[in-house]
Amino acid sequence: MLSKEGVEGVRIGFKLGEDNGKREGIFPPQNGKVAIVTGGAKGIGYETAKHLSRLGMHVIIAGNHENQGLLSVGKIVKETGNEKVEFMYLELASLQSIRQFVQRFKAKNALLHVLVNNAAVMLVPQRITADGFEEHFGVNYLGHFMLTELLLDTLKQSGSTDCNSRIVTVSSATHYIGELNLNDLQSRHHYSPHGAYAQSKLALTLFSYQLQQRLAADGSHVTSNVVDPGVVNTDLYKHTSWLFKLCKWLTSWLLFKTSTQGASTVIYVAVSPDLEGSGGSYYANGQKTKSADTSYDEDLQRKLWARSCKLVGILEHRQCAS
Ligand SMILES: NC(=O)c1ccc[n+]([C@@H]2O[C@H](COP(=O)([O-])OP(=O)(O)OC[C@H]3O[C@@H](n4cnc5c(N)ncnc54)[C@H](O)[C@@H]3O)[C@@H](O)[C@H]2O)c1
């Protein structure tokens, strides 16, 4: 099957966005490329990892549940026939674990063409990470901030003019109602699970745009984009009320996307030739879309960046230079 560039393409079994039928999931093979998918053992991350493997990529599932990760690797190998799929332990709630993950990855001397910042928790009770960060902020945002920062040199080495490396950060429509409280990023004065999740997703969106600016300013062949996968029937909702779960159970066939549908925009942004060299955008339903006005506030982006460097203990002038 030929993709629109005339390259022998791989159909990966879904249609993109709401213009179903106009654009199908046919992408050029990605053999020889390497991807890391955080939280790739289940849900949207699993489908992303599976489809990237089907395209021939070497995929690393980075997650904090080893058994589940190994089971997912086995399923993907069986289903795609691609044996270059592996699990590597990564606990995003621990800066030490993130550092160790990056050390182990770098010891492989592999390139890195796609980083999918996908893992998340949602609506968890007030809890803190190993480093004392509020869990939504620490896992969803700061963990990925740190991971990306430590992998940036490899991403830069792996990208080229006609084949940029790609950072795909999974946000959520919830970011539209998010507020970033620079005076209380850890929600110590007031905690609401919804507010904390929304703040983490707004932070990821601000980060992704600021990262793109910095990458473009230093002429890197790396792009950074954000994706909203839509409302998807996954375990992310396990901390919701029983009433919500009942409604979800009754209506999921109608109102919720499947994980494969949820992964479609993530995969599109990770590999589509349409987006070569293009960064700094927000995608939903396979289309470039406007994110919340606050997310474009460059002053806020820079402030969050500086604060994040401080919180994770990275010198701002390292990669984070303003
Ligand atoms: N499901 C939806 O409706 C929906 C809507 C909008 C955005 N999203 C986003 O999509 C992404 C994927 O979510 P999903 O729906 O597949 O959820 P999911 O619960 O099925 O998967 C989340 C993954 O993150 C991993 N994870 C959680 N905490 C971790 C930690 N501390 N360290 C390492 N990994 C950790 C989990 O193990 C799991 O593999 C998330 O970023 C989520 O915010 C989902």
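Which residue in β9 is the bridge partner of Asp-228? The partner is Ala-284. The views below come from a predicted model.

**View 1. Strands β8 and β9 pair in the parallel sense.** Strand β8 covers residues 222–228, and strand β9 covers residues 282–284. Three bridges hold the pairing in this view. One of the residue pairs to look for is Asp-228 with its bridge partner Ala-284 in β9.

**View 2. Eight strands form an open sheet.** The order is β5-β4-β3-β6-β7-β8-β9-β10. The pairing is mixed. Strands β5 (85–89) and β10 (287–289) stand at the edges. Each has a single partner strand, so one side of each is left without a neighbour in the sheet. From one strand to the next, the twist averages 25°. Strands of a sheet pair through backbone hydrogen bonds, in either the parallel or the antiparallel sense.

**View 3. Helix α3 packs on the sheet.** The helix spans residues 95–106. Its contacts reach β3, β4 (58–63) and β5. The direction of α3 makes about 145° with that of β5.

**View 4. Strand β6 is covered on both faces.** The strand runs from residue 114 to residue 117. Val-114 and Val-116 lie on one side. Leu-115 and Asn-117 lie on the other. All four are buried. In a regular strand the side chains alternate between the two faces of the sheet.

**View 5. Strand β6 is joined to β3 and to β7.** Strand β3 (residues 34–38) runs parallel to β6, with three bridges between them. Val-37 has Val-116 of β6 as its bridge partner. Strand β7 (residues 165–170) also runs parallel to β6, joined by four bridges. Here Asn-117 stands opposite Thr-169 in β7. Val-116 and Asn-117 are both buried.

**View 6. β6, helix α4 and β7 make a β-α-β unit.** The unit is right-handed. Helix α4 covers residues 135–158. The helix lies across β3, β6, β7 and β8. Against β6, α4 runs at about 170°.

**View 7. Helices α4 and α5 pack together.** Helix α5 covers residues 193–217. The axes are 8 Å apart, at an angle of about 20°. That angle makes α4 roughly parallel to α5. Their crossing is right-handed. On the α4 side, the contact residues include His-136, Phe-137, Asn-140, Tyr-141, His-144 and Phe-145. Among those they meet in α5 are Pro-193, Ala-196, Tyr-197, Phe-207, Leu-211 and Leu-215.

**View 8. Lys-156 sits in helix α4.** Which residues of α5 does the group containing Lys-156 meet? They include Leu-204, Phe-207, Leu-211 and Leu-215. Lys-156 is partly exposed, with a relative accessible area of 25%. His-221 lies 65 residues away from Lys-156 along the chain, yet their C-alpha atoms are separated by 6.1 Å.

**View 9. Helices α1 and α2 cross at roughly 35°.** Helix α1 covers residues 43–54, and helix α2 covers residues 66–80. Their axes come within 10 Å. The crossing is right-handed. Tyr-46, Ala-49, Lys-50, Ser-53 and Arg-54 supply the α1 side of the contact. On the α2 side are Ser-72, Lys-75, Ile-76, Glu-79 and Thr-80.

**View 10. Thr-48 of helix α1 is buried.** The relative accessible area of Thr-48 is 0%, under the 20% cut-off for buried. Leaving out residues up to four places away in sequence, Thr-48 touches Val-37, Val-116, Ala-263, Val-266 and Ile-267. Two of these contacts are themselves linked: Val-37 is the bridge partner of Val-116 in β6.

**View 11. Leu-123 has a positive phi.** Phi is about 60°, although Leu-123 is not a glycine. Leu-123 is found in the loop between β6 and α4. Is Leu-123 buried or exposed? Leu-123 counts as buried, at 12% relative accessibility.

**View 12. Ser-187 also has a positive phi.** The angle is about 50°, and Ser-187 is not a glycine. Ser-187 belongs to the loop between β7 and α5. At 7% relative accessibility, Ser-187 counts as buried.

Definitions and conventions:
Residues numbered from 1 in each chain as written. Predicted model: local features only at pLDDT ≥ 70, side-chain atom pairs only at ≥ 80, totals over all residues. Heavy atoms only, no water. Buried < 20%, exposed > 50% of the residue type's maximum accessible area, 1.4 Å probe, protein only. Helix = DSSP H or I, 4+ residues; strand = E, 2+ residues; numbered from the N terminus. Pairing = 2+ DSSP bridges. Right-handed = clockwise from strand over helix to strand, strands pointing away. Axes fitted to C-alpha atoms, helices over the stretch in contact; angles between N-to-C directions. Parallel < 35°, antiparallel > 145°, perpendicular 65-115°, else oblique. Left-handed = near helix turned anticlockwise from the far one by under 90°. Contact = heavy atoms within 4.5 Å.
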